[in-house]
Structure formats: structure tokens, C-alpha cells
Amino acid sequence: MVELADLKTVGQPNWCPGCGNFAIWHALKSAIVELRLEPHNVVIFSGIGCSSKMPHWVNTYGFHGIHGRPLPIATGARLANNNLTVIAVGGDGDGYGIGIGHFIHAMRRNLNITYIVTNNQVYGLTTGQTSPTSDKGFTTKSTPTGVIEMPINPIALAIASEATYISRGFSKEMKHLTKLIVDGVRHEGFALIDVLQPCVTFNRKNTYEWFSERVYKLEETGYDVTNKQAAFLKSLEWNGRIPIGLFYREIRPTYEDELPQIAEAPLVRQRIEEINITALMDEFV
């Protein structure tokens, strides 16, 4: 059975001391252990950003792709071998900026992928520009007089895009976050785990203290995770009180469930010796 030590890599993270990514990294590894996943059956995909270095430091298979593109690559892997546990990791700039089109379409397809978005509301890797989730009025080196645009609301967007598992964690609540990841991986369908992840270097507003004064757990309020309208109302809470936990869950056939081509076996295990593509080659090549 896999243990935390089995997931250790030769290299170690180079995030800033106190970065929220450390807790997310540990929660992800703890979830793999709790789920008893064998490392060779897990693939972690990422794009570009501080958090997107995650596949370097978890001893599973991994793929560090280009900016905003972890979900298309994860989709390809999932369809090629639907026996794999496929996890994608990225930041708010990566996933909710350049990758927002992929984010929406992956959710409406309900691919069986777990997507962890480390949301620090700033571009950390490029030293502190405004991101798609920066609060209105937030000052950065790219917006010295304050952000003009309204921020993207990833939870509301996920609800509108028909995702079937929608949650939010907080990197200071590591055990709680681990459970969200475990439940997200167990969920049959697309699982979003948006994580409030303070950037201690470039975001001096949305700090651990700022979040700690505001976050509360939905499961401690008698909240119904099957009520989509209630989920949407909860997704609008910010500033005064900020809910974390599972917002919405729905049981619906996955994209893979509706593909007869992989009903009996993953594509990678299907025999191809007797397939003759001569006619196609003659027509198109």
C-alpha cells in the first residue's frame, strides 16, 4: 500500500516560505495515500505558474504542459486510458485566465478528471500582476490604481457550466482540503476544487489572517449539496463571510460512459493488428 514516503521525489519545492502551495501539495499526497492509489496509475497534469510545478514534486506520472492547457492534455490521457486516475493542477491565472475556455468545456462534458485550482488572486510566478480573480480595486504592479474589472467567480461559473462536483478549500485547512480532494477523485465526473491559497509575497490583502476571519464550512450549517439554486446563492458570498466545502454534487453519466469505443476496454489496451487503414491512407495521404 502506498505511503507518503513513496510519493517523495528527489527534488523539493522552491515555493516562497509560507506559500499556501505547500499545504495543497501535502493534501494532494495525503489524498493519494488515503485513496490507496498506486503511483503508476496516477497522472498529474499542469500548465504554467507556481502551482503548476506540482507534478515535479509528487512521485506519480506527470506532465508539465503550456500555459492554460492542463485540461486538454488531461482529457486526451483520460480518453486514451480511462483506467487512470487523472488529476490536473493549475493556478487562477492559468485556469481562469488563458485556460478558461478549456475549463468551461471540460465541465460541461463531465470528463472524469479532478481539477485543483490554487487560487491566490495574483500572478505570483511573474512577480505580482493582477489575475482574473483579483478583487476589484486590488493594487498590483500592473494595476497601480486598482483593478477595474469585476473578478471571475469560479464557483458560480462551474455551476453554470454544469460541473457535477464543485468545491472550495482553504490551504490553511489541510485536513478539510484533503477530504475535498479524496471525495473529488472518488466522484464519477468532473470535480473542481478551487483552493484559497494566500500568496505571502505578492498578495498582501488576501492573507491567511484575512481568510481566517471570514471562512466557514458549509457542512457545519446543514447545507444541501444537491440544491443547485442554493449553491449559486452560496457562490456569491464573499468579503463578509466566505463558504468553503462542497457547494454542489450531481450524479450524471460521464463523457467516457457515453463512448461505446471504450465501454469494454481502454483504447490503449485494444488490439490494432487487424485494423486495416490502407483505404484511409489512399484517400487522405
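A residue counts as buried when its relative accessible area is under 20%. By that cut-off, seven of the eight residues of strand S8 (residues 242-249) are buried in this predicted model, and the strand is mostly covered.

Strand S8 belongs to an open sheet of eight strands, whose order is S2-S1-S3-S4-S6-S5-S8-S7 and whose pairing is mixed. The edges are taken by strand S2 (61-64) and strand S7 (215-217); each has a single partner strand, so one side of each is left without a neighbour in the sheet. From one strand to the next, the twist averages 20°.

S7 and S8 run parallel and are joined by three bridges. Within this pair, Tyr216 has Pro243 of S8 as its bridge partner. Between S7 and S8 the chain passes through helix H8 (residues 228-235), and this β-α-β crossover is right-handed.

On to the pair of S5 and S8, which run antiparallel and are joined by four bridges. Here Ser167 stands opposite Leu246 in S8. Strand S5 (residues 165-170) is also joined to strand S6 (residues 191-196), this time in parallel and by six bridges. Ile166 has Leu192 as its bridge partner in S6.

Further along the sheet order comes strand S3 (residues 85-91), which is mostly covered, with seven of its seven residues buried. In a regular strand the side chains alternate between the two faces of the sheet. In S3, Thr85, Ile87, Val89 and Gly91 point one way, Val86, Ala88 and Gly90 point the other way, and all are buried. S3 pairs with S4 in the parallel sense over five bridges, and Gly90 stands opposite Val117 in S4. Strand S1 (residues 42-46) likewise runs parallel to S3, the two being joined by five bridges. Phe45 has Ala88 as its bridge partner in S3.

Most residues other than glycine have a negative phi, and most peptide bonds are trans. Asn110 is not a glycine, yet its phi is positive, at about 60°.

The remaining feature is a pocket. Rolling a probe the size of a water molecule over the atoms shows where empty space is left. The largest pocket has a volume of about 310 Å³. Its lining is made up of 18 residues, and those nearest the centre are Asp135, Pro151, Ile152, Asn153 and Trp238. By residue class, the lining of the largest pocket has seven nonpolar, six polar and five charged residues.

Technical notes. Residues numbered from 1 in each chain as written. Predicted model: local features only at pLDDT ≥ 70, side-chain atom pairs only at ≥ 80, totals over all residues. Heavy atoms only, no water. 1 Å grid on protein atoms, 1.4 Å probe; cavity = no way out; pocket = protein on both sides within 12 Å on 5 of 7 lines; lining within 4 Å. Points joined across faces, edges and corners; volume = space filled by probe spheres on them. Nonpolar A, V, L, I, M, F, W, Y, C, P; charged D, E, K, R; others polar. Pairing = 2+ DSSP bridges. Axes fitted to C-alpha atoms, helices over the stretch in contact; angles between N-to-C directions. Buried < 20%, exposed > 50% of the residue type's maximum accessible area, 1.4 Å probe, protein only. Right-handed = clockwise from strand over helix to strand, strands pointing away.
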